Amino acid sequence: MKIGVLAVQGNFREHGAMLRRLGADVVEVRKPEELEGLDGLVVPGGESTTFMRLMKLYGLDEAIRAFEAPILGTCAGMIVLDRDHLGLVDVEVDRNAYGRQVASFEADLSLAGESFPLRGVFIRAPRVRVTGEDVEVLAEHEGEPVLVRDGRVLVASFHPELTEDTRVHEMFLNAVQEAAKPPVRVSGPGEGVSGEPGGAPAHSRRRYGRVDVGA
Ligand code: GLN
């Protein structure tokens, strides 16, 4: 699996190290053409305003919008991918809404489908305020989403690359592996497809409280 890590700024090296530990080939991405042939992309933490500025400068914003494989965004990466920026994940977030640098913290998070908690490292993290109806919440902190999935895009407001726990990266690499498989033809029209009429359960759009932290 060939995974790109956006390397214009921020903590891309830690992501690269974790992905290599999990057996991926890692490519640092600084130019649009370096996205070619990748099976997945990581947008790391850093400073989202700097990311957006540098990405525009190099034409990486449009190139990432057009990138079709799975993406993992962490912290500033979540902001870059949200509704107000690249628009690849249907969430609205508030930057730095947990407070100033001193309000950075760690917390045990319960992860969907896992019995063992995940340690979340939050560093001037974005706070998810609104999730669109197709967004799945995979982990919460005090009732607010901190790890969510919108189709092929997985975003965390914390830094999974800064702990020894590899589960978020594994989740991403599993999605990469799934996406890379050739499509399986299960059945076609008139071949007796069974299942629930109406498809997926209806999700509702959720809004989370706004807390003024005076940051
Ligand atoms: N506060 C940063 C921003 O708003 C994100 C911090 C981080 O990625 N650790 O872009």
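Reader: What makes β3 and β4 partner strands?
Author: Three bridges join them, and they run parallel. A pair needs at least two bridges, so β3 and β4 qualify. One spot to look at is Val42, which stands opposite Leu72 in β4. Keep in mind that this is a predicted model.

Reader: Which strands make up the open sheet of seven, and in what order?
Author: The order is β2-β1-β3-β4-β11-β10-β9, with mixed pairing.

Reader: Why is one side of β2 and of β9 left without a neighbour in the sheet?
Author: β2 (25-29) and β9 (136-141) stand at the edges and have a single partner strand each, so one side of each has no neighbour in the sheet. From one strand to the next, the twist averages 20°.

Reader: How do you know that β1 pairs with β3?
Author: Count the bridges again: three of them join β1 (residues 2-6) to β3 (residues 40-43), and the two strands run parallel. The cut-off is at least two, so this is a pair. Ile3 has Gly40 in β3 as its bridge partner, and Gly4 has Leu41.

Reader: How do you know that the span of α5 agrees with its 14 residues?
Author: At 1.5 Å a residue, those 14 residues should span 20 Å, and the end C-alpha atoms are 20 Å apart, so the two agree.

Reader: Which residues of α5 are buried, and what covers them?
Author: Val168, His169, Met171, Phe172, Leu173, Ala175 and Val176 are the buried ones. Their cover includes β1, α1, β3, β4, β10 and β11.

Reader: What makes you say that both faces of β3 are covered?
Author: Look at each side in turn: Gly40 and Val42 on one, Leu41 and Val43 on the other, and all are buried. To be called buried, a residue needs 20 or more other C-beta atoms within 10 Å of its own. Over the whole chain, buried residues make up 37% of the 215 residues.

Reader: Why is Arg65 called exposed?
Author: Arg65 lies in helix α3 (residues 60-65). The cut-off for exposed is 12 or fewer C-beta neighbours, and Arg65 has 12 inside 10 Å, so it counts as exposed. Arg65 and Gly87 are 22 residues apart in sequence, with their C-alpha atoms 7.9 Å apart in space.

Reader: Which residues surround the ligand, and how do they divide by type?
Author: The ligand is surrounded by Gly45, Gly46, Glu47, Ser48, Cys75, Ala76, Ile79, Arg95, Asn96, Ile123 and Arg124. This shell divides into four nonpolar, four polar and three charged residues.

Notes:
Residues are numbered from 1 along each chain as its sequence is written. This is a predicted model: local features need pLDDT of at least 70, side-chain atom pairs count only at pLDDT 80 or more; totals for chains, interfaces and linings use all residues. Helices (H or I, at least four residues) and strands (E, at least two) are DSSP runs, numbered from the N terminus. Axes are lines fitted to C-alpha atoms, for helices over the stretch in contact, and angles run from 0 to 180 degrees between N-to-C directions. The expected span of a helix is 1.5 Å times one less than its number of residues. Two residues are in contact if their C-beta atoms, placed from the backbone, lie within 7 Å. A residue is near a molecule or strand if its C-beta atom, placed from the backbone, lies within 6 Å of it. Ala, Val, Leu, Ile, Met, Phe, Trp, Tyr, Cys and Pro count as nonpolar, Asp, Glu, Lys and Arg as charged, and the others, Gly among them, as polar.
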